[in-house]
Amino acid sequence: MSLRKLKKRLQYQFGKVPELLYFPGDMQNIRSYYDYRKENDLDAFLIDDITWNDLDMDHLFKRLNPGLSTSGEQYLYYELRSPAIDPDAYAQRKSLIDLMTEWPQLRLKLQVIFARLGRFRRADLCRAFHPSEHSTAWLFIYLLLALLVPAAAISAALIGPYGLIGCIGILSFNALIHESRLRKCQKDFDTVNYTVSMIFALHKIRKLKNAKLDQHLQDSYECLDRLNSVIRTGGISSFSDGGVSDLFATFLLYDLITYEFLKNKLGCCHDDVFAVHESLGKLDAAIAVASYRESLDRFAVPDIDFSADHPFFAASDMTHPLLKNAVPNNLNTKRSILITGSNASGKSTYLKTAVLCALCAQSICTVTAGSYQASAFRIFSSMALSDDLLAGESYYIVETKSLKRILSEIDGDVPVLCTIDEVLRGTNTVERIAASSKILENIAQRGALCLAATHDIELCDLLSGQYEMYHFEEQVGVDEMLFDYTIRTGKAVSRNAINLLKLIGFDDGIVEGAHERANRYLETGIWN
């Protein structure tokens with residue numbers, strides 16, 4: 001594609017909702033950079049898998065990801081899982097996003113570089129950063145075998161037939177070695193070649209000589225200087241024309257020699273390669289966020305307090321970033337909140353909306369709200385759980401472990417924001433209310449900001465001194481139930497579970513009997 005057409009396509013796609021294809025295994029490869037950082041304890045806080053799955057964050061990632069480069073995809077995924085909990089990290093992210101938003105010509109130049117770098121999800125970049133082996137044994141073997149070829153040719157010219165036989169033997173042996181080793185190493189060629197392409201991409205960015213950009217990349221430029229030998233070598237050539245070049249590679253093992261040299265060089269300089277990948281990822285992720293902002297009808301740049309004495313959350317007109325025509329809602333609190341309301345009234349969506357706003361505020365500096373001011377949080381949730389059949393754990397066991405992990409994280413320098421939907425739903429009513437009230441009370445007393453939802457109205461009275469009460473409600477029509485999905489202060493006063501049975505088509509006798517039994521219990525405390 002010509003440069004003019006490429007620029008035109010990139011300008012057209014900027015600010016549009018991405019429509020990338022994802023194949024089985026792609027998300028696992030995209031998260032490999034995050035996994036590498038997690039395994040090596042490179043971050044003070046990362047969003048765990050329970051919270052990530054509760055919030056359906058894979059879909060939010062796909063909503064943001066325009067997919068220009070592997071570095072950009074992997075860093076954007078990591079960025080969503082690492083909400084900034086210190087002001088310096090947040091300021092750096094915001095500065096890059098602002099730069100990509102406010103300087104469209106610079107952004108377009110970078111987009112061209114990233115588009116030409118391309119996306120190759122099968123490339124295992126983390127192995128290039130920290131390979132398990134740095135042995136140069138095969139490099140010396142290949143060099144020795146390659147040197148034997150001209151030596152054998154000279155012998156053939158001097159000795160005659162016997163030298164010719166020896167030369168043919170050397171060539172045949174080299175061809176056999178080339179075929180055998182190529183099968184084992186071919187899968188790593190793409191990783192090495194893509195890594196080399198990343199180094200060239202940063203080299204091109206450096207040549208742009210943009211002072212604002214260079215402020216963010218100075219450290220990685222120093223890493224680039226230590227990778228000059230990689231730039232001089234270039235990538236691994238893949239000869240396939242069936243001509244002289246193929247013979248050159250087969251008999252002189254040129255591609256294998258280049259591969260071994262680059263692999264060992266990248267292994268010895270894995271910290272520098274890591275820095276290159278990270279720098280490219282930061283830039284490409286910033287472009288993705290700038291494009292995401294452009295695609296939104298409305299967003300707010302958050303105001304985050306990293307030194308607040310007490311956690312607080314103040315946001316207006318919040319909407320869920322993945323829902324169309326979502327109803328805006330507010331949250332302004334310095335205390336934990338307990339939400340009640342009927343089924344399908346919006347409790348769970350509200351919890352997810354609030355915590356997603358907090359996560360996006362600290363990770364991509366962009367909130368789908370009218371305004372957002374809050375403390376910096378470490379974020380956890382316990383919502384969309386299920387029993388673990390493989391581990392032999394019931395729903396209740398899975399739920400209690402999920403809650404225990406939140407309690408274990410509360411005492412720290414950065415306050416915890418947690419969302420809990422229907423706490424301890426996996427057990428009987430009496431024990432659920434008794435245990436859940438003490439758990440929620442403990443969370444609030446220890447300084448965390450908890451956003452909880454429940455059907456147990458009894459919790460409102462038990463937690464009235466610790467939690468602010470909110471609710472959602474509905475209007476029941478003849479043939480339908482209407483929700484306005486607007487949060488209100490106070491506890492819920494309506495129930496709709498039995499009315500839903502009627503709307504779905506259950507027998508009138510079942511519905512009326514259920515109403516009678518419920519009313520009797522509320523009046524007397526006796527079921528029969």
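How many salt bridges does the structure hold? The structure holds 23 salt bridges, a salt bridge being a side-chain nitrogen of Lys or Arg within 4 Å of a carboxyl oxygen of Asp or Glu. This is a predicted model, in which local features need pLDDT of at least 70 and side-chain atom pairs count only at pLDDT 80 or more, while totals for chains, interfaces and linings use all residues. Residues are numbered from 1 along each chain as its sequence is written, and side-chain values use heavy atoms, with hydrogens and water left out.

**Salt bridges**

- Arg37 pairs with Asp43, their closest N and O atoms lying 2.9 Å apart.
- Arg37 counts as buried because its relative accessibility is 9%; buried means under 20% relative accessible area, exposed over 50%, and partly exposed in between (1.4 Å probe, protein chains only).
- Asp43, at 23% relative accessibility, counts as partly exposed.
- A salt bridge also joins the side chains of Asp49 and Arg81, at 2.7 Å from N to O.
- Asp49 lies in helix α4 and Arg81 in the loop between α6 (70-80) and α7 (87-102), so this pair ties together parts that are 32 residues apart in sequence; helices (H or I, at least four residues) and strands (E, at least two) are DSSP runs, numbered from the N terminus.
- Asp49 is partly exposed, with a relative accessible area of 33%, whereas Arg81 is buried at 0%.
- Within helix α15 (residues 254-268), Glu260 and Lys263 are three residues apart, about one turn of the helix, and their side chains form a salt bridge of 3.4 Å, N to O.
- Glu260 is buried at 1% relative accessibility, and Lys263 is partly exposed at 22%.
- A network of salt bridges links Asp26, Glu73, Arg119 and Arg121.

**Backbone with positive phi**

- Most residues other than glycine have a negative phi.
- Asp56, which is not a glycine, has a positive phi of about 55°; Asp56 sits in the loop between α4 (49-54) and α5 (57-64) and is partly exposed at 36% relative accessibility.
- Cys365 likewise has a positive phi, near 55°; Cys365 belongs to the loop between α17 (347-363) and β5 (371-375) and is buried at 0% relative accessibility.

- Ala361 is part of helix α17 and counts as buried, at 0% relative accessibility.
- Beyond its neighbours within four places in sequence, Ala361 is in contact (heavy atoms within 4.5 Å) with Tyr90, Pro302, Ile304, Thr366, Val367 and Tyr372.
- Ala361 and Leu80 are 281 residues apart in sequence and 10.0 Å apart in space, C-alpha to C-alpha.
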